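Subject: Structure for you to look through

Dear colleague,

I am passing on the structure that we talked about, and below it you will find my notes on what turned up. Please keep it open beside you while you read.

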Amino acid sequence: MHLNKKKIINDPVFGFINLQSDIIFDLLEHPIFQRLRHIKQLGLSYLVFPGANHTRFEHAIGTVHLMRQAISVLQIKGHEITDEEAEAVAIAILLHDIGHAPFSHVLENTLVNISHEEISLMLMQELNREFNSKLDLAIKVFTNKYKKQFLHQLVASQLDMDRLDYLSRDSFFTGVVEGTIGIDRIIKMLNIHNDQLVVDVKGIYSIEKFLISRRLMYWQVYLHKTVVAAEFLLINVLKRAKEIITNGGELFAPPTLNVFLTNNFTAEDFHSNIEIQGKNVLQWYTLLDDNDILISIKEWQNHPDPVLSQMAKSITNRKLPRTKFSDKPISPAKEQKYLKQIEKHIISDPDLAKYFLMTGVITNNAYNKHYENISVLYKDGTVKEINDASDINLSTLSKTVKKYFVCYPKELDIY
């Protein structure tokens with residue numbers, strides 16, 4: 001029986017997406033990729049934006065769609081990109097997020113101490129073995145070891161297909177219109193100069209809008225103060241669960257999550273792919289998704305430990321901490337004042353009170369000119385970095401803005 005692999009997918013953001021290729025279809029069907037259906041693109045943002053329930057799965061498909069468009073624009077402009085290269089760069093972007101931890105970025109340094117990019121590469125190498133080395137070129141492009149550097153820039157740079165998709169998609173599902181960008185125009189304006197991805201000068205305003213939208217999306221969505229509170233609460237819940245298990249306490253957790261709560265896996269463990277209970281660490285990782293976390297938190301609401309149960313209830317019932325931003329770190333005296341209040345009204349044990357006060361810093365940098373510039377190509381062949389080419393002051397977008405935060409139980413506002 002011949003299986004039709006030339007599928008069409010109906011995407012709410014871009015309309016009908018044509019898969020066009022057998023290998024993309026086969027990779028999509030693979031359990032390692034299907035796992036992305038169970039990993040929310042925006043972590044716990046749905047607690048603030050009720051529509052933000054989209055996943056890494058549809059984001060990855062969207063990036064392939066945009067990549068196909070970009071490749072065809074560059075080919076029309078006379079740049080040689082072979083069918084093999086076009087396929088490889090589409091595979092590289094399809095799999096760029098395959099190593100994400102549950103709730104996307106939130107748990108990257110909590111459950112595992114290794115970046116999702118590193119795990120993505122390991123999983124690509126794993127798939128490459130299964131697919132008889134058909135991903136060799138895609139991995140070269142992904143790791144920037146291929147002679148045509150612009151192909152890697154389409155996958156990972158300041159103007160890659162990943163950013164173009166997630167800005168549009170996240171803005172669509174959150175309803176935050178400030179994130180909308182002129183994707184079609186940006187892609188039509190892409191060009192190549194000296195093996196580098198550039199933008200034709202006519203596209204300069206679309207790029208300015210793209211950078212400003214990115215900055216606004218960070219403050220309005222990704223670093224929204226209630227989202228920050230929810231995510232740090234989730235980190236603390238898992239930290240507490242780990243502590244209880246380490247101290248010999250009983251705790252409900254699905255087997256997959258249990259493996260990560262009872263072990264402190266390092267990058268080295270992943271690279272040597274150590275075996276635990278009949279599966280290697282990478283296999284365990286590919287079985288772990290948002291569901292394992294949510295089902296555990298739901299159960300932990302009834303745990304005898306007062307910290308774990310209270311924080312689990314906070315997430316499940318959306319009783320999130322109050323968050324305050326400021327330009328400078330919270331002073332030790334102010335921190336002590338909060339802790340005393342928590343000891344008095346929430347939990348009397350000073351060691352446990354610390355769990356209910358979260359402090360830290362968040363940074364926002366919409367455009368980093370020290371990391372792969374966005375370059376503008378003029379008709380006479382000269383190239384300028386976007387800051388120099390633009391007639392508005394974009395330097396504020398290059399500045400790293402820091403905000404210090406403190407999260408504490410809302411009940412304290414009463415006292």
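Which residues does D165 touch, not counting residues up to four places away in sequence? Before the reply, a word on the basis: this is a predicted model, in which local features need pLDDT of at least 70 and side-chain atom pairs count only at pLDDT 80 or more, while totals for chains, interfaces and linings use all residues. Residues are numbered from 1 along each chain as its sequence is written, and side-chain values use heavy atoms, with hydrogens and water left out.

With contact meaning heavy atoms within 4.5 Å, D165 touches F14, H59, G62, T63 and L66. D165 belongs to helix α8, residues 161-174, where helices (H or I, at least four residues) and strands (E, at least two) are DSSP runs numbered from the N terminus. D165 counts as buried because its relative accessibility is 0%; buried means under 20% relative accessible area, exposed over 50%, and partly exposed in between, with a 1.4 Å probe and protein chains only.

The largest nonpolar core has 140 residues, such a core being a set of buried Ala, Val, Leu, Ile, Met, Phe, Trp, Tyr and Cys residues joined through side-chain atoms within 4.5 Å. Among the members that touch the most other members are M161, F260 and W300. If residues up to four places away in sequence are not counted, M161 touches T63, L66, M67, A70, I93, L154, I187 and L190. In soluble globular proteins, nonpolar side chains tend to be buried together.

The chain is divided into domain 1 (7-223), domain 2 (224-320) and domain 3 (322-365 + 400-414), with bounds that come from an automatic or database domain assignment. The centres of domain 2 and domain 3, taken over C-alpha atoms, are separated by 23 Å, and the contact takes 14 residues from domain 2 and 13 residues from domain 3. About 1300 Å² is buried between these two domains, with carbon and sulfur atoms giving 69% of that area; buried area is the accessible area (1.4 Å probe) that two parts lose on being put together, summed over both.

Turning to the sheets, two strands pair if DSSP finds at least two bridges between them. β7 and β11 are joined by five bridges, whereas seven bridges join β8 to β11 (residues 401-408). In β11, F405 is the bridge partner of F325 and also stands opposite G360.

Another open sheet has four strands in the order β3-β4-β9-β10, with mixed pairing. Here β3 (190-193) and β10 (383-385) each have a single partner strand, so one side of each is left without a neighbour in the sheet.

With best wishes
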